[in-house]
Amino acid sequence: MNTISPVEAARLCAQGGAILVDVREPDEHAREKIDGAVSLPLSSWDDGHLSTGPVIFHCRSGARTEVEAHRLKQKAGDCQWFVLEGGLDGWRRAGLPVAKDARQPLELQRQVQLAAGSMVALGTLAGLLVSPWFLAVPLFVGSGLTFAGASGFCGLARLLGRAPWNRRMSHAGAA
């Protein structure tokens, strides 16, 4: 796997010789991104190749791009390609600028974590203090998360994705 430091990646991009590709989901890209990065989420990739190079792929921490290195190589085709060391977090740690839009909702994955964690904690607390029947709440949430992990379908994420604060982001991303 070809890696590149954030400073070297910034230099290549500033010279106009490289394209920076953000492989995170659109909700992640909308909230925080590297200026000039093109959003091309891994989840929506087809079999086509990028026609320009060099290409620098990045995610939030570098973990997704490391795991998906074989797909990145295929997407880059014959172009020279790199994975940004440390991803967006590494870029920020290097003191390079990051564009944030706090008006955008939290990433859907974080919303699911907050909602599920809150339901488990409150259900357990209510089960201990009010009635053992409330223990059905953490059982239901745990079962739902297990099903989501096994099947790839998360009902809570689908429900939260339709919440009013998330609809605003999807319209802004479509414009």
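First, some housekeeping. This is a predicted model, in which local features need pLDDT of at least 70 and side-chain atom pairs count only at pLDDT 80 or more, while totals for chains, interfaces and linings use all residues. Residues are numbered from 1 along each chain as its sequence is written, and side-chain values use heavy atoms, with hydrogens and water left out.

Let's start with the overall picture. The protein chain has nine helices and seven strands; helices (H or I, at least four residues) and strands (E, at least two) are DSSP runs, numbered from the N terminus. Along the principal axes, the C-alpha atoms fill a box of roughly 65 × 30 × 30 Å. Of the 175 residues, 38% count as buried, where buried means under 20% relative accessible area, exposed over 50%, and partly exposed in between, with a 1.4 Å probe and protein chains only. Take the contacts (heavy atoms within 4.5 Å) between residues at least 6 apart in sequence: 70% of them join residues at least 24 apart.

Now the sheet. Five strands form an open sheet in the order β1-β6-β5-β2-β4, with parallel pairing; two strands pair if DSSP finds at least two bridges between them. Why is one side of β1 (3-4) and of β4 (38-39) left without a neighbour in the sheet? Because these two stand at the edges, each with a single partner strand.

Going through the pairs, β1 and β6 share two bridges in the parallel sense, and I4 has L84 as its bridge partner in β6. Between β5 and β6 there are three bridges, again parallel; V55 is partnered by W81 in β6, and I56 stands opposite F82. Strand β2 (residues 19-22) pairs with β5 (residues 55-58) over four parallel bridges, with F57 of β5 as the bridge partner of V21. Helix α4 (residues 69-76) packs on the sheet, touching β5 and β6 (81-84), and its direction makes about 140° with that of β6.

In a regular strand the side chains alternate between the two faces of the sheet. Here β6 is covered on both faces: W81 and V83 on one side, F82 and L84 on the other, all buried. Likewise for β5, V55 and F57 on one side and I56 and H58 on the other are all buried.

Last stop, the helix pair. Helix α6 (residues 108-129) and helix α7 (residues 136-151) pack at about 150° with their axes 7 Å apart; axes are lines fitted to C-alpha atoms, for helices over the stretch in contact, and angles run from 0 to 180 degrees between N-to-C directions. So α6 and α7 are roughly antiparallel, the word for angles over 145 degrees. From α6, A116, M119, V120, G123 and T124 meet V137, P138, V141 and L145 of α7. These contact residues divide into seven nonpolar, two polar and no charged; Ala, Val, Leu, Ile, Met, Phe, Trp, Tyr, Cys and Pro count as nonpolar, Asp, Glu, Lys and Arg as charged, and the others, Gly among them, as polar.

How values were computed: Angles under 35 degrees count as roughly parallel, over 145 as roughly antiparallel, 65 to 115 as roughly perpendicular and the rest as oblique.
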